[in-house]
Every structure is written in structure tokens, then in C-alpha cells.
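Hello,

Please find below the structure that I promised to hand over, and after it some notes on what was found, written with care for someone new to this kind of model.

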Amino acid sequence: MDPALGPVSMSYEFKKETWTRTLVLSFQSLGVVYGRLSTAPLYVFGSIDPKDIESREEMHELFSFVFWTLTIIPLLKYAFIVMRADDDGEGGTFSLYSLLCRHVKVGLLPCNKNSGKIVHHEEESRKEKQESKARKAIEKHKSSHYLLLFLALLGACMIISDTVLTPAISVLSAAKGLGRSLGMITKKFFSSDKTKHHAAELLKKYVPTPVACAILVCLFTLQHYGTNKIGCMFAPIVIVWIFFMCGSGLYNIIHWDHEIIHAISPIYMLRFMKKINLRHWKLLSSVVLCIAGSEAMFADLGHFSKKSIKITFVCLIYPVLILTYAGQTAFISKNLGTDDVFHLRESIPNKALQHVFTVLSLFASAVGSQATITAGFSIINQCQALDCFPRVEVVHTSENVRGQVYVPDANWVFMALSLAVTIGFHDISSIGKATGLAITCGMLVTTSLMSLVIALYWEKSLLISACFLLFFGAIEAMYLSTSLLNFFRGAWCLTILLLLFMTIMVSWHYGTLKKYEFDIENKVSVEWLTDYNPGLGVSRVPGIGFIYSDVVTGIPAFFTHFITNLPAFHQVLILVSFKSLPVPCIPQSQRYLVGRVGPKEYRVYRCIVRYGYRDNVRDTDDFEDHIISSIGEFIGREEYDLESMTSPEGKMMILDSPMEDGCALIAVTEESSSTEDIQTLSENGSRRNLLDSNASSEITHSPVKKKKVRFLLPPKSPKMRISVRQELQEIIDARESGTAYFLGHSHLSARKGSNFFKKFLITSYVFLDKNCREPPVALNIPHAALLEVGTVYTL
């Protein structure tokens, strides 16, 4: 393990959740988590070809599948089992993977290899147990590590692909209802029956697709307002929608076919399976759409709480969905052969209510799409933090909820792909086949990772883990096979999306990993830098030099390349590294690790900034001030830590609590302290030096606005030695002289004779790296102070 990274305590203190808070979160979850589940009736039976249904009994048998699928997957699997495997309040595929990376040595990512020991609050009191044979086998075989990473990436790609497909099918389903309503209204203006029929058919054929595209453009355009505002606006719509569906379902059960209640018996499923054939098997690919959105219950866990999500589903969403599907089945079974009988709009009992339903379904479908789009943004943020996705801008839309993010670049890509799918297919059935395949693949990944969590993290018996995998895995594998049978009827679209996103993620991970390995192999020891003294012709110039690198020990290769060609470096050097850990977030008190590099008189320091996959620390305006303040506190504490003074590389110190005699450096902003305040402080008898710094700047065509930050030395303390004050004074003087930033700009190339796959991955990585919208270090660095050092990596 890398000595530069210390332990991370995950013992957070959670406030007891009150019932008032639970009810508020339950209300908000309706507009975010359950929008898709509640709008699934729009296209579950609507994606079935009417020619495939031959009798009333078949509809009852399909409803039996719907009932037990909703009971087993979202209710039993997700609400009562999977949601218990949260990663300190976070859910999703990557949260399960991060749990395995922390508790089993299976990490392949650089952040996993050098993340240090992560101490979980539940493990502090857990006794050491003998490692199981399964754990040893998984840790020993490298192939199992690659398999787990592939599963995590596959699950992420399925969620991202679903972000493209769900808005298309949800909005198009609602737009189909609008086309039917317009067709009915148009009939009133024509006297000829033939003209009426022709006009209605034209409207039903040509209106839905343009309307759906217009709604999609509006939906994606609204994303920059953030999940909180959009979710609060849409939650009342979902409430009206589910009660509307509940009332309609009850009416249809009573009026059309009350015997549908008997179909909840599993005997109906056995009847269906006894006469199974290719036609029946394909019908199940539409049934699986009823659980579309179940993964969001777990993926959006960080936005809410387990109690609120579980209570909302068990007490409201689950019974409403059962009544809705039962009522729709009752209507279809009694009206087989009627035009458009499988569309949910036709089951609404009153013609006037059908028009109300059409408008309401348009808004409700947008809500369902919103939940999936939000999940797509979240998974991209997590993948980027773990070096599995190219650098893109991530905007945090909420000050209170860390997980609510907006990714502008991904948003427009999602919109373009959704429009392409909508225009290309303009058919609910074809898009439904692809959506069903994405749902089943994503759920199978969750089941596979969850079975490992049960055995390796919860430390249950292998029998329990195997039973979980076989029971839920068999059901999901059955639905997967039904979706694959419809591969050429629309499911092939998912394959294209999967190849696109998987290529991006795999190539970026491969390039990042190879660059990191190259940096580790070519770094030089600290002695290489300290041996460069003025007698050898190396000059020390006034100022502070920030060197940004991925390596956490030694000197990065690009900086040695710079020194070799230009023998000079600054009076104070600070080696800064960002390290992502497989945890949701790092407490502010444990974020910075500071240490010294080489002898004290060389004034070379190292600062490692750690962050979780939900943190956002790179784009803060006062980032540089935090680092300098942390180094000042390290200097003040170092004299009491003999180990850090005798270690050749320097012990990394976590600054998790303030010094007893106050801060080593006092940062004063221009807005909070006036000149008179500073003068008063200096008249108290202590010599204080001021330093103006540009903590943040905006590069615009208008005059640049600057935030002034000044550092002061504290009053003389009996605990602070003169040598410490002198070193702190040198830090301030160096900052006053100016600041420079060194970044390594690498160029990857494949060796001659490399295989096609390697060349393809490196070429893809180079293309993505050149076209990234975000720089490697997303800080507000003035261009005049930035120096990029180019190096060529031949892999």
C-alpha cells in the first residue's frame, strides 16, 4: 500500500430521521424515483402486437406474470434486500462495486490500488475472521478482477443506454394518445365516413413523432434547472396520475371483468408455461417493461432515504400498479379485436376523461423520463470520479443534496440520441424491445454483484448467496432470453448504444491506467531533486510552484524532464495529487494529506487531495488557499511529530482537527476585513505580513472580478518555535512573489507491432482526451501562470 495515503474513517454521524422528514422525502421521491414505474402502464401492453393475443385466458395469464414480477423484483429484491447494501447512503451498480473493492482486494483502478486503508465504522468493532476460500480465490485470480470491473461498467452502460431509450418510449407512448384524441376531434368536422377515417389515420400516423420530438427537446432543455426544482414541480403531477390510474383500474375491474382477481394465482403462470411456444415466449418481453424503473429505487438512494423509498413503494406505488394493470387487463380481455384496445387510453371509461388522460400522460411521461435522465447524470459523475469516463463538466444543482448533478455535454448527447431513436423507429413496440433488454441486463448485473456482497461483505454462507443468485438470476435470465428473441425487432438498437458507451468507458479506463503505470515506472526518487543544488547549476527562483500529478510518491517524470532542460525551480514547491477513493464522499476534515519531501531547508511539500465519487473538489474557487492553509498547519504540527521529521519521504499527516493554539496561517478575505481591522491587528505587537492573491478569476471579455485573500501570521505563541515562524514567513513571501502551475501534457502512442485492439483503444483514448471539454485539473488557473510540459508515452 502506498505510504502516502492514510486511513479514511467512514464513521459518519447520521441524525435520526423523523417521520416528518420521511414524509417529505416520500413526497419528493414520487417526482424523481417513481415517475417511470408509475408511467410504465403506458407501454407495457401497448408494446404487444394485437395479433399475438388469441384469447381472454392469455391476457389473464400475462397479468399473472405482471403481478408476480412486480412482487418478486421491485418489492422483494430491491425494497427488502438490495437496498440494505447501500454504500454509506449511496446506491447503484458502482456502489456495490466500491463495497467489493474496499473489502475484497479486487480493484483494478489506480484509485483502488493506492487508496490506502479505508476504515468503516462497522468494521472497527468487528473481530478479525479467517478469510473464506471464496474470498482468497477471487483475490488470487486476476481474471475475476477484470470480470467484476466489466460487470460494473456493463451495469453503468445499461443505465446510460436506458437514459436514451426511456424518454423516447415514454414520450412517444403519450404522444400516440394525443394523435388518437386529435383523430376523434377531427371526425366531427367531416361528413363522409371515408374522409373521417382517412383524416383520423393520418393524424394517428404523422402527429405522434413530431410532438414527441418537440417534448423531448423541451424536456432536455429544462435539465439545467436541476432535479430539485423539476422534481418538486412534477411530484403533484405524479400524485394526480397514480390516483387517476387507480380509479380507472378499479372501475374496469368492477365493470368489465372482476374475475381478473383470480389471475394473481401462480397457477395461471403454469398454464402459460405448459403451452409455451415461440409466440408466447416473445410476449414476455413486453411483460418485463412493468418493472422498468425498479433499478432507480436503488440508484437514486443517495437523494432520499431507505425508509422513505420503501414506504412509498409498499404503501402507494405497488398497490396502485397492481390495480392499474388488473383494470387494463380486464378491459382488454373483454374487448379483444377492437382497434387500439391495447393502448392504456382506450381503457379510460369516459371520452372526456380520455382527453384529460392524454394531457396528463404527456406530463407524466416527462416525469418518468426525468428519473432516468437524473440517474444517467449520476452514473456519469460516479464513473468520471473513478477514471472510467472522459472529463466532462459536472454542475451540482443543489447545495443540500450532493448527488443531484447536471452534466451539460451528456445532456445534449442524450437528447440527440433520443431524437434519433424516436424518429428512426417511431414505434412503441420496437423501442420497447430494446428497453426490455436494457432493463434485464442491468438487473442481472445488480444480482451478480449483490450475490458477491452477500458472501464477501455481509459474510453470509455461500448457500445463501447462491440461492439469491439462482432465484432472482433465473427470473431475470428468462426475461433476458425473451428480449434476445426480439433482437431483430428493435433490441439491436441497444447493442449499438452499448458498444458506443462501452468503447468510451473501456478505452478511457485503459488509457488512464496505462498512463498511471507509465508515470509510476518513470518517476524518480526524492533524492534526485534534492541532489540538484546551486553548485550543480540549478537555480531557485522566488515564488510558489504547484506541480499537479497523479503519482503520490517520488517526483513525476514530466517535472524531471522540465528540470533537465531548464535547470530552475521555485523557492517553494508543492506537489499536488488528486486521489479518488471508492467511497461516496470524504469528510472535509480528512480530505487533505500533507507531508514534506526531502530535507526541511528545501521547502518541498506534498499535498494529496482525496475525494469520493460523489464529491466535487476540483472546481472550487478557494482550492489553492485551502492547500496553503493546510501546509501552514502541517508546519505548525510537524515539530511535535518525530516520525514525520525522520521519514525520508515524509509522513503524510491528516489535518482533521484545528491546532490548540489556533491556525498557523490566518486567511482574511477582502470582504470580511477592512484595512483598519488589519492595522489594528498589527498594532497588538505582533509582526504580520499580508499577501494579496487572486483566489478565483473569470476569463471573460468584461473586466475580471477578483476575490482578494490575505494571509497573516498569528501572534507569537509560546508553543511555536522561531524556526516554524521563519518557515511560515517564507511561505508567505513566496506567495507574494507569484505562483506558477505545472501540468503534464502527455501524448500516447502505440508501439510498432501492437495488435489491432490495443491500437484501437489508444487511438480512442487520444481522441477523447483531445476533445474533452474539461481540463485535466479543473481549477481556475490563470493562463499566464500555467506551464504545460509535454511528454510522449509509448505503450
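Where pLDDT is low, the predicted coordinates should not be read in detail. For the protein, the mean pLDDT is 77, and 76% of its residues reach 70 or more.

This is a predicted model, in which local features need pLDDT of at least 70 and side-chain atom pairs count only at pLDDT 80 or more, while totals for chains, interfaces and linings use all residues. Residues are numbered from 1 along each chain as its sequence is written, and side-chain values use heavy atoms, with hydrogens and water left out.

The count of aromatic pairs comes to 23, where rings of Phe, Tyr and Trp (its six-membered ring) pair if their centres lie within 6.5 Å, and planes under 30 degrees apart count as stacked, over 60 as edge-to-face and the rest as tilted. One of them, F487 with F488, is edge-to-face, at 5.1 Å centre to centre and 85° between the planes. Y548 and F578 form a stacked pair, with 6.3 Å between centres and 5° between the planes. Both Y548 and F578 are buried (under 20% relative accessible area, with exposed over 50% and partly exposed in between, using a 1.4 Å probe and protein chains only). Together with F546 and Y741, they form one aromatic cluster.

Best wishes

Conventions: pLDDT is the predictor's confidence in each residue, from 0 to 100.
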